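I want to go through the core, the strand pairing and the aromatic rings, and jot down what I look up.

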Amino acid sequence: MSTLTDVNTPDSPPPAGEATPEAPKIVLTIEEIQKLLPHRYPFLLVDRIIDYTQGKRAVGIKNVTVNEPFFPGHFPGRPIMPGVLIVEAMAQVGGIIMKQMPDIPEGLFMFAGIDKTRFRRPVVPGDQLVMTVELLWVKQRRFGKMQGKAEVDGQLAAEAEMMFSLVD
């Protein structure tokens, strides 16, 4: 993992496992994301993790460009990122959290359910999708539930509760 530091950061360490406004944020590059997630082009929908707290929360970004493979058909003349791909992008940020949980067996996390999903604004080329995903619970080291939200320029674009199951 990489860390970003601020020149004005005090020398005292942050509380264990917590990122504070003064503490360096844990950042994951695309190369580090690819070591954790099995997704690849055209289905890897997270470009960077800009803030990560192990076992709790991750904030990821997706830079949406006109070159995305879905835009020619969704919709010609009015490109809009499909809502299911926004939810998938949030789920991939959630996968970063699950893959780094201590004591979780190896395997592939897949969707087990999606609840309370709402789409609030379209996501279009040129937008930067900022996805915040928080872990709600983990059961039997095989099932997890997360709350996700996706924003563009501080405006809520989508939100969902997502459930995951570990597949051997």
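My entries follow, grouped by topic.

**Entry 1: the core.** I kept in mind that this is a predicted model. I began with the largest nonpolar core, which holds 41 residues, and asked which of them touch the most other members. Those are Ile49, Met81, Met90 and Leu129. Next I looked up the elements giving two or more residues to this core: helices H1 (30-36) and H2 (83-99), plus strands S3 (48-53), S6 (128-139), S7 (143-152) and S8 (155-167). H2 gives the most, with 10 residues.

**Entry 2: Met81.** I picked Met81 from that group and listed its contacts, skipping residues up to four places away in sequence. Met81 touches Val64, Phe70, Phe71, His74, Ile86, Val123 and Leu129. Leu129 is another of the residues with the most core neighbours. I come back to Phe70 and Phe71 below, as they form an aromatic pair.

**Entry 3: a charge in H2.** I stopped at Glu88, which sits in helix H2. Which side chain of opposite charge is nearest to Glu88? I found Arg40, but it is 11 Å away. A salt bridge needs a nitrogen-to-oxygen distance within 4 Å, and Glu88 has none, although Glu88 is buried. I then checked what does touch Glu88, leaving aside neighbours within four places in sequence: His39, Phe43, Leu45 and Phe111.

Entry 4: I traced the pairing from S3 onward. S3 and S4 run antiparallel over 5 bridges, and I noted Thr53 facing Arg57 of S4 as bridge partners. Their hairpin has 3 residues between the strands, and Gly55 takes a positive phi there, near 75°.

S4 (residues 57-63) also pairs with S6, again antiparallel, through 7 bridges. Here I wrote down Asn63 with its partner Gln128 in S6. Is S4 mostly covered or mostly open? I counted it as mostly covered, with 5 of its 7 residues buried.

From S6 I went on to S7, where the antiparallel pairing spans 9 bridges. Val138 stands opposite Gly144 of S7. This hairpin has 3 residues between its strands, and Gln140 is the residue I marked, with a positive phi near 55°.

**Entry 5: aromatic rings.** How many aromatic pairs does a search of the whole structure find? It finds 2. I took Phe70 and Phe71 to begin with: the ring centres are 4.7 Å apart and the planes lie at 70°, so I put the pair down as edge-to-face. Phe70 and Phe71 are both buried.

The other entry is Phe111 with Phe164, a stacked pair at 5.9 Å centre to centre and 10° between the planes. This pair links distant parts of the chain, 53 residues apart, with Phe111 in strand S5 (residues 108-119) and Phe164 in strand S8. Phe164 comes out at 5% relative accessibility, so it counts as buried. Phe111 has a relative accessible area of 35%, so I logged it as partly exposed. I also noted that Phe111 is the residue already listed among the contacts of Glu88.

Notes
Residues numbered from 1 in each chain as written. Predicted model: local features only at pLDDT ≥ 70, side-chain atom pairs only at ≥ 80, totals over all residues. Heavy atoms only, no water. Core = buried A, V, L, I, M, F, W, Y, C linked by side-chain atoms within 4.5 Å. Buried < 20%, exposed > 50% of the residue type's maximum accessible area, 1.4 Å probe, protein only. Helix = DSSP H or I, 4+ residues; strand = E, 2+ residues; numbered from the N terminus. Contact = heavy atoms within 4.5 Å. Lys, Arg positive; Asp, Glu negative; His and termini not counted. Pairing = 2+ DSSP bridges. Phe/Tyr/Trp six-rings, centres within 6.5 Å; stacked < 30°, edge-to-face > 60°.
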